[in-house]
Amino acid sequence: MTDRVTPQELLALDSLLTAEEAAFADSVRRLVGDVVRPHVAQWYETGVTPVRDLARELGKLGLLGAHLTGYGCAGVSAVAYGLSCLELEAGDSGVRSLVSVQGSLAMYAIWKYGSEEQKQEWLPRMAAGEAIGCFGLTEPDHGSDPAGMTTRAVRDGDDWLLTGTKMWITNAPVAELAVVWAKVDQGVTGFVVPLDLPGVTVNEIHNKLSLRASATGELVFDRVRLPASAQLPEARGLKAPLSCLTEARYGIVWGALGAARDCLETAIDYTTTRTQFGRPLAGFQLTQAKLADLTLEYQKGWLLAHHLGRLADSGQLKPEQVSVGKLNNVREAIAIARTCRTMLGANGISGEYPIMRHANNLESVLTYEGTSEVHQLVIGQKLTGLSAFA
Amino acid sequence: MKIVVLVKQVPDSGSERSLRADDGTVDRASASNVINEMDEYAIEEALKIAEAQGGEVTLLTMGPDAATESIRKALSMGPDGAVHVTDDALHGSCALGTSKVLAAALRTLEFDLVLCGAESTDGRTQTMPHMLAERLGVPALTGARKLTVEGSTLTVERQTDEGYEVVQATGPAIVSVWDTINEPRYPSFKGIMAAKKKPIATKSLADLGVEAGEVGLAGATSKVLSSAKRPARSGGQKVEDSGNGGADLVAYLSAEKFV
Ligand SMILES: Cc1cc2nc3c(=O)[nH]c(=O)nc-3n(C[C@H](O)[C@H](O)[C@H](O)COP(=O)(O)OP(=O)(O)OC[C@H]3O[C@@H](n4cnc5c(N)ncnc54)[C@H](O)[C@@H]3O)c2cc1C
């Protein structure tokens with residue numbers, strides 16, 4: 001056998017990283033190897049993940065709100081943050097979701113739109129993984145079209161009374177606080193809502209066949225009394241939650257590649273050792289064509305993610321560019337996962353191997369943070385100047 | 001408490017390593033170089049002591065300029081600073097020569113404790129702590145699987161093939177550690193970023209007052225005369241089970257002294 005390289009090594013992709021960026025990725029890879037990989041198959045099988053313990057481990061490394069500055073956050077570059085998402089999702093999309101929601105949705109919303117008191121109160125504890133946050137935008141009747149939300153907050157003296165239901169909320173069953181988006185007279189705004197307040201009900205969503213190593217829930221608010229200080233003072237209009245989504249989507253552009261890489265590595269490992277018809281499966285041309293084509297898509301996706309990361313680090317990244325990345329990389333990652341699954345035959349459907357878990361997880365990743373169709377519409381509108389949303 | 005940790009950059013033991021054809025020294029140029037695995041345990045132990053009792057942790061490395069990369073990595077675990085001894089004349093130094101240089105560097109530093117890995121994965125001599133102790137006139141507690149520091153009293157569980165010995169010394173002293181002593185931390189994001197700004201003092205042989213002729217290939221007391229690649233793994237021996245497979249297996253294992 002001649003010298004072999006991994007899909008990552010084939011194009012020397014790591015040569016585009018600084019030593020420091022590689023060091024960040026290395027630390028996350030080691031952490032995932034120690035605290036995620038040995039347990040994740042069981043978390044997935046049982047649908048029970050020790051999110052709080054996990055969050056503290058992730059916090060110790062600096063992964064929660066890693067790209068934010070101050071308030072106990074590390075302040076790493078966009079590329080370094082992206083690489084962390086990739087390494088986390090090579091473990092499991094659910095673990096990456098925990099980090100995305102905590103850092104890019106809940107913490108980012110407070111960091112960007114919150115008052116100084118809100119930042120002081122929540123961000124250091126959230127960065128350490130001692131307080132878990134969630135982000136309530138989607139409602140049972142309003143997913144792709146959040147502008148139609150019916151959750152409302154009305155004034156009662158200086159206080160607010162919050163009423164409504166948020167659905168499909170990652171981390172909700174384990175969270176101390178939710179950033180909740182609601183309509184007020186002036187339009188959409190955000191509130192920081194501790195989930196132990198009277199009138200708040202959290203229901204866990206069971207029977208998920210995807211993202212099972214992540215806690216998902218429903219938040220019901222029944223005239224929840226909030227002080228004026230609970231409102232995010234700088235959040236005005238729907239563009240506030242949408243800007244948070246752009247942050248988190250950027251992480252997904254990288255993250256999905258992690259799941260893809262793990263599938264590819266598993267398939268290469270498997271097909272080079274499994275023998276049929278007297279030779280390793282990887283020795284057949286049809287297998288090699290699959291591996292070559294999938295590796296091309298992985299590499300193209302990585303280069304795209306890296307390009308977006310450098311744009312972000314120079315302050316030039318635009319939301320529609322993130323849509324390009326999310327549309328392409330999640331779509332290709334799911335295709336990679338499915339094709340890798342075929343190469344493992346029956347073992348491909350077994351929880352002993354990570355591929356089916358990744359493939360199932362990526363179905364959620366395809367849907368949340370803007371479905372593929374929504375991103376096609378974003379890109380289409382940018383190309384044609386015509387909105388086809390409604 | 002002032003702690004100095006000896007850190008060596010070595011070729012990654014997980015990948016292909018070779019000796020140079022011209023002078024028989026380790027080929028560092030074509031290898032992927034990493035911190036000697038055992039040294040990470042020494043760093044962790046130093047950090048734990050400094051965190052519990054207060055103190056300062058300084059790394060000491062002798063190696064080519066490129067070793068800076070490994071020093072930064074080691075600093076990202078948490079030490080306060082590093083001293084890097086680098087000089088063209090050091091290439092090819094034997095263990096004795098290296099100990100001369102490290103001892104000279106240690107004399108310029110204040111320390112209550114010197115920690116190092118029990119061995120390096122390239123040289124594997126396990127002699128450095130003894131040589132340094134001799135040169136500096138301090139005790140050496142080697143091969144530790146546990147270290148307790150109470151005031152200036154150092155107590156070590158010294159790992160042996162049969163079990164362990166409890167040995168004690170009064171600092172300053174040198175302690176070498178095995179990978180059973182702790183679980184090294186991963187560099188945190190903040191640690192990685194802080195490492196960029198930590199001081200690395202560079203010293204030449206002249207700075208340390210060591211003559212170039214006493215070290216390096218020229219001054220080496222041992223020399224590689226010839227070397228050969230490890231033979232490729234052979235196919236191993238297959239025990240066919242035609243009724244007495246169990247007995248055959250046991251016969252093989254006891255012949256090879258595995259049981
Ligand atoms: C595991 C998981 C975790 C989640 N976590 C969170 C969270 O933490 N916080 C949160 O707020 N939300 C969360 N979500 C919700 C997620 O963001 C929504 O599911 C998503 O926005 C899609 O909304 P929907 O499910 O209501 O689908 P719908 O909007 O009803 O869409 C159904 C289908 O119709 C298509 N469609 C919709 N509109 C158009 C159109 N104009 N043109 C063409 N096609 C269209 C969609 O692309 C999709 O294929 C999560 C979802 C999942 C599955």
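Colleague: Before we start, what are the ground rules here?

Modeller: The model is predicted, so local features need pLDDT of at least 70 and side-chain atom pairs count only at pLDDT 80 or more, while totals for chains, interfaces and linings use all residues. Residues are numbered from 1 along each chain as its sequence is written, chains are lettered from A in the order in which they are written, and side-chain values use heavy atoms, with hydrogens and water left out.

Colleague: Fine. How many helices and strands does chain B have?

Modeller: Helices (H or I, at least four residues) and strands (E, at least two) are DSSP runs, numbered from the N terminus. Chain B has eight helices and eleven strands, and its C-alpha atoms fill a box of roughly 70 × 45 × 40 Å along the principal axes.

Colleague: What share of chain B is buried?

Modeller: Buried means under 20% relative accessible area and exposed over 50%, with partly exposed in between (1.4 Å probe, protein chains only). By that rule, 42% of the 259 residues in chain B are buried.

Colleague: How do I read the size of the interface between chain B and chain A?

Modeller: Interface size is often given as the accessible area lost when the parts come together. Here buried area is what two parts lose on being put together, summed over both, with a 1.4 Å probe. Chain B and chain A bury about 1,300 Å² between them, 64% of it on carbon and sulfur atoms. Counting contacts (heavy atoms within 4.5 Å), ten residues from chain B and 19 residues from chain A take part.

Colleague: How many salt bridges cross that interface?

Modeller: The rule asks for a side-chain nitrogen of Lys or Arg within 4 Å of a carboxyl oxygen of Asp or Glu. It finds two across the interface of chain B and chain A. One of them joins Glu20(A) to Lys196(B), with the closest N and O atoms 3.1 Å apart.

Colleague: And the backbone: which peptide bond is cis?

Modeller: Look at Gly171(B) to Pro172(B), where omega is near 0 degrees. Pro172(B) sits in the loop between strand S9 (164-170) and strand S10 (173-177) of chain B.

Colleague: Glu369(A) and Lys257(B) have positive phi without being glycines. Is Glu369(A) buried or exposed?

Modeller: Glu369(A), with phi of about 60 degrees, is buried at 12% relative accessibility. Glu369(A) belongs to the loop between helix H11 (355-367) and helix H12 (372-384) of chain A. Lys257(B), with phi near 60 degrees, is exposed, because its relative accessible area is 73%. Lys257(B) follows helix H8 (245-255) of chain B.
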